[in-house]
Amino acid sequence: MWVRCALWGARAGSQLQSGVLAPCRRHGGAASYSASAQASRVRALIYGSHGDPAKVVELKNLELAAVGGSDVHVKMLAAPINPSDINMIQGNYGLLPKLPAVGGNEGVGQVEAVGCRVTRLKPGDWVIPANAGLGTWQTEAVFSEKALIQVPNDIPLQSAATLGVNPCTAYRMLVDFEQLKPGDSVIQNASNSGVGQAVIQIAAALGLRTINVVRDRPDIQKLMDRLKDLGAEHVITEEELRKQEAKNLFKNTPQPRLALNCVGGKSSTELLRHLAPGGTMVTYGGMAKQPVTAPVSLLIFKDLKLRGFWLSQWKKDHGPGTCTPERPQLRRKTDMELSSEGRAPCWAEGVQAETAKAHKRECDSWGTTVVLREWSFQSGLGLGSWTGRFRPITKGLKPF
């Protein structure tokens, strides 16, 4: 059967003016119609080999692919830089895309047009990647509908751009490893990282108490106040946690049964020391680039459990759009809703150096997210040209 299918366009009413019709086959019939977008100039950060991001990533022009029946034309609005993005470019990540590849695993875009077989999305919708490796460091692109997840378009842009990884990681770690109930406590390091801030807010929404470990710094009180404003109950430094007096912390707070480790090395060992017998430490990062060291006595006499968490594997096992609570009492609020009601990490745009640097100085005390915006690409500002301006360039790397 022949069916004519128009391409939906956000900027030209119900049909995109630049779209041209092309055959679209459906259910074994002769053909129906889809639409392909006219050639458009796309700016993208691409790497053709693995190595130092400042050396292997290049700003290039691409041609926008045709929009097929199951495709979605997306204009990228913002895309953050995560540690996993850097690791992927370096070639030492658990998932590596085929080269050459566009960088970026996370971000938010707006639907500009859809193909005739697209049913879940429409022009104007905001979308985020369903899985890692999509390539978000580009001004616009054509993706398969199944590669995208719709998110609310009435939340702050920086929240939407950082919604797909950190909040989901935080939520799954809070509910998947220990059966915690309101009033129980959780201890974590890297507490002012993107995941750390999400843990604080989601834990508070679930009635959990948090002990948050950070690195010492001159303006530590300012950091403590900001994290407590997010819902943190206790904020202490790595040095304070190592002191004998740290045990006094648990006089009025239950000893934590869950520890979340993003650092490794001595920091992870200290988390283990303060876990309750039978507790679990989940490692999801290793920013110190040092191994997790577990004293034999803690494993034997406290029966502690060491686990790991990788969101990409979790999505592969459970589905990309399933970061939702299973408990009936929590179904009224999905983890993404909890996260979108919260606040995103402090962020600085990779544009207009002086303004961005000033914003970063304000954010530095509690973690910075560097976010690429479309005009970053249009101005020719590529990764290599601003790595020196934003140290570190990855979200939440420093300081913890």
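Visitor: Leaving aside neighbours within four places in sequence, which residues is Asp85 in contact with?
Guide: Asp85 is in contact with Pro80, Gly104, Asn105 and Trp137, where contact means heavy atoms within 4.5 Å. This is a predicted model, in which local features need pLDDT of at least 70, side-chain atom pairs count only at pLDDT 80 or more, and totals for chains, interfaces and linings use all residues. Residues are numbered from 1 along each chain as its sequence is written, and side-chain values use heavy atoms, with hydrogens and water left out.

Visitor: With which side chain does that of Asp85 make a polar contact?
Guide: The partner is the side chain of Asn105, at 2.8 Å. A polar contact is a pair of N or O atoms within 3.5 Å; within protein, one must be able to donate a hydrogen and the other to accept it, and residues adjacent in sequence count only if both atoms are side-chain atoms.

Visitor: Where is Asp85, and is it buried or exposed?
Guide: Asp85 lies in helix 2, residues 83-90. Helices (H or I, at least four residues) and strands (E, at least two) are DSSP runs, numbered from the N terminus. Asp85 counts as buried because its relative accessibility is 2%; buried means under 20% relative accessible area, exposed over 50%, and partly exposed in between (1.4 Å probe, protein chains only).

Visitor: Switching topic, how many residues has the largest nonpolar core?
Guide: It has 26 residues, and Met173, Leu174, Leu258 and Leu260 have the most contacts inside it. Such a core is a set of buried Ala, Val, Leu, Ile, Met, Phe, Trp, Tyr and Cys residues joined through side-chain atoms within 4.5 Å.

Visitor: Which elements give two or more residues to it?
Guide: They are helix 4 (166-176), helix 5 (194-205), strand 15 (258-261) and helix 10 (311-318). Helix 4 gives the most, with six residues.

Visitor: And what is Leu174 in contact with, leaving aside neighbours within four places in sequence?
Guide: Leu174 is in contact with Leu180, Val186, Val199, Ile202, Ala203, Leu208, Leu258 and Leu260.

Visitor: What about the whole chain: how many helices and strands?
Guide: The chain has 14 helices and 20 strands. Of its 400 residues, 55% count as buried. Among contacts with a separation of 6 or more, 70% come from residues 24 or more positions apart.

Visitor: Back to helices: where is Leu299, and why is it classed as partly exposed?
Guide: Leu299 is in helix 9, and it is partly exposed because its relative accessible area is 35%.
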